[in-house]
Amino acid sequence: IGDNAFYNCETLARVVFPSTLKSIGDYAFYNAYGSNVLELPSVEHIGAYAFYAIGVTDALELPEGLKTIGDSAFESCSSLKSVAFGGTAAGENEITFANVETIGKNAFKGCTALGKSSDVTKHPLDLSTVTEIGESAFGGCTGLTSVKLKSGVVLDRLAFSSCSALETIENADAYVPKRAEDKNDPSCNPFGGTKYQDNLDKNDR
């Protein structure tokens, strides 16, 4: 699907994507999708702003073969609650990123419902296959409580900034900053504005 294919088609209802589809271009469904579920059976690449501010209210179902999620691909999808891969039905608080290697800048920024659940059990956002996470990729995802990172993952500045409920981050101390100069700059802290960082700061006092 090419760039800008359904740009700003606000009345577009649910779309059935073919199993042969491999790539979705930049801005392809920008502000243009109103179904409660989005299923992408075979895509390997999702372009920048591809599904920016779409109206998905429940589940995002992505294929196991997906490798790249572009900049701002799902930014401002404020009602998106869950993400699942490989045809597995997305549970209310299930968030897995199996086989994804790169998540771009602002990819899920402002997805404030992501990870929210009435269930008191905390389900981690599993990013253990991801090798690089872009600037503010999950910024402002206030529903997230727990994240599992790959040891040695490259994090750009503010990757999880303002995720105010985020308290547990596995392998947080084993990340590599995208720019060496960002490591000791508080304004670039990938965990700034999280409960995790607040607890670290309290322990350092």
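Buried means under 20% relative accessible area, exposed means over 50%, and partly exposed lies in between (1.4 Å probe, protein chains only). This is a predicted model: local features need pLDDT of at least 70, side-chain atom pairs count only at pLDDT 80 or more, and totals for chains, interfaces and linings use all residues. Residues are numbered from 1 along each chain as its sequence is written, and side-chain values use heavy atoms, with hydrogens and water left out.

**The sheet**

Helices (H or I, at least four residues) and strands (E, at least two) are DSSP runs, numbered from the N terminus. Two strands pair if DSSP finds at least two bridges between them. Here 3 strands make an open sheet, ordered E8-E10-E12, with parallel pairing. Its edges are strand E8 (125-127) and strand E12 (168-170), each of which pairs on one side only. On average, neighbouring strands are turned by 10 degrees against each other, direction ignored. For such angles, axes are lines fitted to C-alpha atoms, for helices over the stretch in contact, and the angles run from 0 to 180 degrees between N-to-C directions. Strand E10 (residues 146-149) and E12 run parallel and are joined by 3 bridges. Ser 146 stands opposite Thr 168 in E12.

**Salt bridges**

Side chains of opposite charge can pair when their charged atoms come close. A salt bridge is counted when a side-chain nitrogen of Lys or Arg is within 4 Å of a carboxyl oxygen of Asp or Glu. The count comes to 7 salt bridges.

| Pair | N to O distance |
|---|---|
| Arg 14 and Glu 39 | 3.1 Å |
| Lys 178 and Glu 132 | 3.0 Å |
| Arg 157 and Asp 182 | 3.0 Å |

Arg 14 and Glu 39 form a salt bridge. This pair links distant parts of the chain, 25 residues apart: Arg 14 is in the segment before strand E1 (23-24), and Glu 39 is in strand E2 (residues 37-39). Arg 14 is partly exposed at 47% relative accessibility. Glu 39 is partly exposed at 36%.

Lys 178 forms a salt bridge with Glu 132. Lys 178 lies in the loop between strand E13 (176-177) and helix H1 (195-204), and Glu 132 in strand E9 (residues 132-133), so the pair ties together parts 46 residues apart in sequence. Lys 178 is partly exposed at 46%. Glu 132 is partly exposed at 26%.

Arg 157 and Asp 182 also meet in a salt bridge. Arg 157 lies in the loop between strand E11 (154-155) and E12, and Asp 182 in the loop between E13 and H1, so this pair ties together parts 25 residues apart in sequence. Arg 157 is partly exposed at 24%, whereas Asp 182 is buried at 7%. Salt bridges that share partners join Asp 156, Arg 157, Arg 179 and Asp 182 into one network.
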